[in-house]
Each structure stands twice: as structure tokens, then as C-alpha cells.
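Here is a friendly briefing to read alongside the model. Have the sequence and the 3D view open, and take the topics in any order you like.

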Amino acid sequence: MTRFIVPLVAFAILIPVLMIGLTRNPNELPSPLLQKPAPVFELPSLTEPDERVGSATYANQIALVNVWATWCPGCRQEHGFLLELAAEGSVPIFGLNWRDNRSDALRWLQALGDPYIASAFDEDGRVGIDWGVYGAPETFLISADGIVIHKHIAPLTREIWERDFVPLIAEQGGSN
Amino acid sequence: MKTFICVCLTLIVALPAAAIDSGQAFDDPELQARYENIISEVRCLKCQNQTIKDSNAFLAGDLRREIRNMIEAGQSDAEIAEFLVARYGEFALYRPRATGKTLILWLAPALFLLGGAVVLWRILRSRMALPIDDESPDGI
């Protein structure tokens with residue numbers, strides 16, 4: 001009898017472990033940037049090519065850095081919500097226009113509206129690499145002292161915003 | 001005619017080969033070997049079961065460019081690995097470094113082998129303890 005117990009216990013432990021594995025999304029990689037200082041960068045502005053924008057543009061306040069591109073269907077999906085969020089004005093949204101074409105991106109903002117305080121134009125993806133971007137849309141929450149406190153991969157929705165971002169922002173507000 | 005069709009088909013089948021900038025990146029064969037060695041061990045995060053050597057996703061191209069620049073700038077393989085891990089995590093390396101969280105990956109095969117050896121040893125020992133004239137065909 002006892003010779004069955006050991007394999008049975010091993011099996012009983014293994015099954016839940018494997019089941020948890022099945023529910024996880026292998027495309028969502030944890031960012032090594034979390035709880036670390038956000039990358040410092042400066043790039044040409046998307047809308048004003050002669051101006052430089054970057055981490056200094058949103059320094060010393062809680063801010064969102066949203067990685068977007070016109071070739072990215074998920075970005076179009078979340079765009080409406082970003083506009084709502086910008087209208088509420090609680091957190092400034094900085095855009096990182098990643099690996100895109102300037103005229104397409106400008107047309108996109110004109111047609112759909114511009115939720116961003118500014119968008120940096122990362123044509124060759126160099127700044128995207130520093131942020132560990134591997135797919136768009138990606139959204140980073142940056143604290144007032146420049147720490148990455150959350151990263152969301154995939155389109156942002158109000159539900160995700162209320163659940164994952166709002167509590168973190170409230171926490172930050174309390175400690176400031 | 002037959003030859004012509006054969007040639008056309010071969011060319012069509014070979015088309016994907018032209019999709020990736022697999023050409024020479026360095027004149028120095030030593031640097032080229034290092035470059036190829038590195039890019040064949042870095043995961044393309046966009047297409048997770050490919051290396052950046054095999055992928056033509058633009059992210060893979062961007063990472064190949066960065067790695068090329070870093071080799072040109074004289075950075076070591078360890079520095080390049082550190083650059084990638086700091087941005088994309090240990091997952092970016094097909095051959096994870098044996099530190100901290102990934103140590104279990106390296107130790108697991110040895111642990112399984114050891115576990116198997118212990119089980120085997122115990123079974124053999126219990127069999128050896130059986131009387132020699134045991135008639136049971138599979139007595140453990």
C-alpha cells in the first residue's frame with residue numbers, strides 16, 4: 001500500500017503546479033525594470049520635429065508612458081480609453097511612438113485625437129529597447145521620483161486601469 | 001521546360017533565405033564568429049521560440065543592430081548579456097546564466113539523475129535481500 005502513496009502524493013503536487021502554468025499567458029513577460037529607475041531619454045518630438053522631448057517632459061510627477069504605433073491594432077483599441085483618461089486629467093500620458101512612420105502617426109493623432117502631453121518619435125527603436133519594449137501597446141506607470149511602478153502589456157481598458165493602476169496611484173499620492 | 005519549372009520552384013522555395021540580413025556583419029572573422037554565436041543564443045521576444053538570428057521581426061533586427069554596435073564598441077559577451085537581461089529579463093537568453101532564480105534550471109537535471117539513482121539503488125538493494133530461491137517472477 002505504502003508504495004503507492006509516494007507517487008500519488010508527487011502526482012497530487014505536480015497537477016496544481018502544471019494547472020497554474022496553463023492559466024498563465026506566456027506572452028506577458030515580467031519586466032526587469034519594475035521598481036527600478038525608468039530609462040532617461042530624449043528624442044525628437046513627433047509633432048514638432050525640431051523640439052526634443054523625453055523623460056524630462058514628465059519628470060517630478062506620476063505619469064504614464066504609453067508605447068504606441070500606427071501599425072499596432074491594440075493601440076487603436078485602447079486609444080478611446082486613453083482619450084478619456086487624458087480628458088479626466090488625473091495622470092499625464094506621454095507617448096513613445098515606436099518604430100513608426102511620422103506622417104502616418106500624425107494622421108492618426110489628427111483623425112483619432114491626441115491624448116498625449118507629447119509623443120517622442122523613436123524611429124529606429126533604440127529607446128524602445130532601453131524600455132524592454134517587445135510589443136505594442138505597452139504602458140508604464142512612473143512615480144514622481146522616476147521609478148517604474150507598473151507595466152501593462154496589451155490594450156489598456158477602464159477595468160484594468162481601475163484594478164491595477166488606480167490603487168498604485170493612490171498609494172503614491174498618500175506618500176507624497 | 002521541365003528544368004525551367006524546377007529552377008523556378010527552387011527559387012520560390014529559397015525566397016525566405018533572403019528575408020534575414022544573415023550576411024557578413026564584420027570583416028574580422030573572429031568578431032563575426034562572436035556575433036553569430038551571440039545572436040544564435042538570444043531569444044526574439046516578439047516571436048518567442050525563435051532566436052534573433054532566425055527571426056525577421058523588426059525587433060530582432062533592432063537587437064542584431066544593437067549587438068553589432070556593442071561588439072564594435074569592444075564590449076564583452078558578458079556585458080552584452082547583461083544589457084539584454086537588464087531590459088528583457090533572463091528569458092531573453094536561450095542559455096540562462098547560472099545565478100539566482102535560474103540556478104534551479106541548471107541544477108534540476110543533476111537532481112533528477114540523483115533522485116533516479118537513489119530509487120534504483122533502493123530497488124536493487126531490496127531485490128538483493130530476497131532469498132535466492134524465490135520463485136516469484138517479479139518479486140520486488
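This is a predicted model: local features need pLDDT of at least 70, side-chain atom pairs count only at pLDDT 80 or more; totals for chains, interfaces and linings use all residues.

A:Pro137 sits in the loop that lies between α4 (126–130) and β6 of chain A.

**Backbone points in the loops of chain A**

- A:Gln35 is not a glycine, yet its phi is positive, at about 65 degrees.
- To find A:Gln35, look in the loop between α1 (2–23) and β1 (42–44) of chain A.
- Is A:Gln35 buried or exposed? A:Gln35 has 11 C-beta neighbours inside 10 Å, and therefore counts as exposed, since the cut-off for that class is 12 or fewer.
- A:Asn60 is another residue to check: its phi is positive at about 60 degrees, although it is not a glycine.
- The loop that holds A:Asn60 runs between β2 (52–54) and β3 of chain A.
- A:Asn60 has 9 C-beta neighbours inside 10 Å, so this residue counts as exposed.

**The sheet of chain A**

- Five strands of chain A make up an open sheet with mixed pairing, and their order is β5-β4-β3-β6-β7.
- Which strands stand at the edges? They are β5 (118–122) and β7 (148–153) of chain A; each has a single partner strand, so one side of each lacks a neighbour in the sheet.
- On average, and with direction ignored, neighbouring strands of this sheet are turned by 20 degrees against each other.
- Strand β3 (residues 63–68) of chain A runs parallel to strand β4 (residues 93–98) of chain A, and five bridges join the two.
- Strand β6 (residues 138–142) of chain A is antiparallel to β7(A), and five bridges link them.
- In that pairing, A:Thr139 is found opposite A:His152 in β7(A).
- β6(A) and β7(A) form a hairpin, with five residues between the strands. In its turn, A:Gly146 has a positive phi of about 80 degrees.

**Chain B in outline**

- Chain B has five helices and zero strands, so to read its elements from the N terminus on is to read α-α-α-α-α.
- Chain B has 140 residues, of which 14% count as buried.
- Taking the contacts in chain B between residues at least 6 apart in sequence, 35% join residues at least 24 apart.

- Which residues of helix α2 (residues 29–39) of chain B are buried? They are B:Tyr35, B:Ile38 and B:Ile39.
- These residues lie on the same side of α2(B), because the arc they cover around the axis is only 90 degrees.
- An α-helix has 3.6 residues a turn, so residues three or four places apart point the same way.
- The other side of α2(B) has exposed residues: B:Pro29, B:Glu30, B:Ala33 and B:Asn37.
- What do the buried residues of α2(B) pack against? Their partners are α3 and α4 of chain B.
- The axes of α2(B) and α3(B) come within 11 Å and cross at roughly 140 degrees, and the crossing is right-handed.
- From α2(B), the residues that make this contact are B:Leu31, B:Arg34, B:Tyr35, B:Ile38 and B:Ile39, and from α3(B) they are B:Arg64, B:Ile67, B:Arg68 and B:Ile71.
- Sorted by class, the contact of α2(B) with α3(B) has six nonpolar, no polar and three charged residues.

**Where chain B touches chain A**

- How many residues of chain B are in contact with chain A? There are 14 of them, and they touch 11 residues of chain A.
- On the side of chain B that touches chain A, the elements giving two or more residues are α3 (58–72) and α4 (77–88) of chain B.
- α3(B) gives the largest share of that side, with five residues.
- By class, that side of chain B has eight nonpolar, two polar and four charged residues.

Methods:
Residues are numbered from 1 along each chain as its sequence is written. Chains are lettered from A and ligands numbered from 1 in the order in which they are written. Two residues are in contact if their C-beta atoms, placed from the backbone, lie within 7 Å. Helices (H or I, at least four residues) and strands (E, at least two) are DSSP runs, numbered from the N terminus. Ala, Val, Leu, Ile, Met, Phe, Trp, Tyr, Cys and Pro count as nonpolar, Asp, Glu, Lys and Arg as charged, and the others, Gly among them, as polar. Two strands pair if DSSP finds at least two bridges between them. Axes are lines fitted to C-alpha atoms, for helices over the stretch in contact, and angles run from 0 to 180 degrees between N-to-C directions. A residue is buried if 20 or more other C-beta atoms lie within 10 Å of its own, exposed if 12 or fewer, and partly exposed in between; C-beta atoms are placed from the backbone. The arc is that of the directions from the helix axis to the C-beta atoms. A crossing is left-handed if the near helix is turned anticlockwise from the far one by less than a right angle, and right-handed if clockwise.
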